[in-house]
Amino acid sequence: MGVDGVRFDFLGPDSAPSIWALGQAGFLARVPVDEATPTWSGPCWATIATGTGVAGHGITGNDLTGHRLAEHPDFVTRATWAGLPTLLAVSGWPPLALAEDGGPLFAEASTREFTAVPRTGLVWDAAREASREEGLTAWDAADEAITARAAAILAGQAPRVSFVYLGAVDFAGHATGSGTAYNQGQSLRPSDPYSTRAVEIMSVADFEKGRSVNEQVTTPIGGLSTKTRAVLRGDSGFGHNLLTNVVTPTTPGGLTGARTALRRDPLSILVTASRRADTLRYVGEDVVDGEKNDVVTFADADGTQITLYVGARTGLLSKYETIADNPVLGDTVTETKLSDYRPVGGVQSPFRVVTRVGGQVTQDVKYSDVKVNASPEASLYEPPAAAPQVTPLPGPTTVAVTKIADDVFLLAGSSHNSLLVTFPDHSLLVEAPLSDERTQAVMAKIKEIAPGKPVRYVVMTHYHFDHSGGLRGWIAQGATIVTTPGNKAFVEQVAAAKHTIRPDDLSRAPKAAVVETYTGKRAFTVGDRTVELYDVGPNPHVAEMTVAYLPKEKTLFVADLFSIPAEGPIAPASTNTRQFAEKVQALGLQVDKIAPAHGRIGSMDELKQVVSAK
Ligand SMILES: [Zn+2]
Ligand SMILES: [Zn+2]
């Protein structure tokens, strides 16, 4: 089975369950093509089908003319020659199956099926706005038809060797852009290189009217594929989940971020700098990739310092840097590097954009098509009609308290929750997420609901940056940070990070973090109240993951492995959710209520339902 243009890491149990199941029944192996094979469909499929490289089959592009397939026949042809019943089923791309463009690559098969895609749909025509949608529709239809045809033949004639080719994924890749996102602060272990995920991106920026559209398709590790659209239209905006059709208005913080991104888009940043000409300063020369660059800085509208590097020979912007506070890393430089400039509509546009945060690559995008002055239809910025709307989550300073049981509270209200358990003279807090802003708001709320019971222990569920960004405020208060051994060095680094741009309590009165680690299980008991911590890792999400269990209250606090949205349906079970449910059972925990780090309080029944749903 061949899916052209698909990333191997998209073929997981959650994102492509049927292909995954096929692979489990037989095998799904990563077979690299050698370096001499250009990453074009023609040479790659020829290498896979013949088992020889370019030097053997002689195919270097998508026109197969001049091939040496007679000397190096494909595997379907060889099986046919050996007298086996064979099937070749190809969607859309002629030279694989037909005598077109130097084809067919597959010379012989006892059964040959081909579904055509109209010539206009074969190639993404950048000049025609509608050709992307038309092409995608045509390719999807061709793939579905050939799949149905192949399934019928496989069930009836039982060919011994078959090859089925699908092309819609490749078309979608050419019509937009694709790249790799590196998940900063989201790896399995704090010291691991950033885990990566493939992303497909389509973005539209209307600098004049302050509008933008960003469409992204990606699959988080151990999670489910997401397809989202974020739209900014002047002073409002919304997010559209293209899989569930749910629309969420953009928060004030989100609007500020989207406007900032538009001002600092690679295609508009020089205009932004020219509008801030009074703040421009020449700071000298530097070398970027062996080339002399002139360096200038300016202050953006929000005060952020931006440094521009302009190639002395090319006159092109080679990179720009901003410095801002990161709750975990401290003062952090973000570098945006631009390369592969090509002329588009009379201007030079970078086709490759690599982002580094704190020196580490966080995104690497290669654009396959860039258009200027495209004037897309106004409907692009409109929310879909009749889509269900949910309210956006309030910002980090909103703390909503829900009493779960006596002395047990869920501190929610924003995107990330914490669990507070109070004892006679102190408290224990599970989770210090987001940022110092969140921690200050949580601290104020705890003073209200548990006066005279200062937080003595702060338990981390896992080190991921969004779940540990609020640790510093608690370290400054002298609380003991409780976690698993793999996170000790990380917490010490968080405590030592420099925060000069946005000073906090810990940078004003620095001190080392007090870290207490446990392995397997740790219990805190005062009187008849017990909090048990269990490390339920490793899982695809993270190597070490703590959950907090209250045996008397039959309540479990869990982060990321299972989330319950405040509104709307719970997502289908991911690998993480299934493994978590199994672990709860294996540990023999008696659970009624589940308090998640994201969303509302739910029940064990809801977890069971999600896991058992097909
Ligand atoms: Zn996480
Ligand atoms: Zn999370």
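Predicted model: local features only at pLDDT ≥ 70, side-chain atom pairs only at ≥ 80, totals over all residues.
Let me begin with the overall dimensions. The C-alpha trace spans about 85 × 65 × 45 Å along its principal axes, and the radius of gyration is 28 Å, which agrees with the value near 25 Å that a compact globule of 614 residues would have. Of those 614 residues, 35% are buried.

Next, the parts. The protein is divided into domain 1, covering 2–174, domain 2, covering 179–381, and domain 3, covering 400–612, and the centres of domain 1 and domain 3, taken over C-alpha atoms, are separated by 48 Å. As for secondary structure, the protein holds 17 helices and 30 strands.

Now to the sheet I would like you to find on the structure. Six strands make up an open sheet with mixed pairing, and their order is β25-β26-β27-β28-β29-β30. Which strands stand at the edges? They are β25, at 521–526, and β30, at 602–603, and because each has a single partner strand, one side of each is left without a neighbour in the sheet.

Staying with β30, we can look at how it is joined to β29, residues 593–596: the two strands pair in the antiparallel sense over two bridges.

Definitions and conventions: Residues numbered from 1 in each chain as written. Chains lettered and ligands numbered in written order. Helix = DSSP H or I, 4+ residues; strand = E, 2+ residues; numbered from the N terminus. Rg over C-alpha atoms; globule rule 2.2 N^0.38 Å. Buried ≥ 20, exposed ≤ 12 C-beta atoms within 10 Å, placed from the backbone. Domains from an automatic or database assignment. Pairing = 2+ DSSP bridges.
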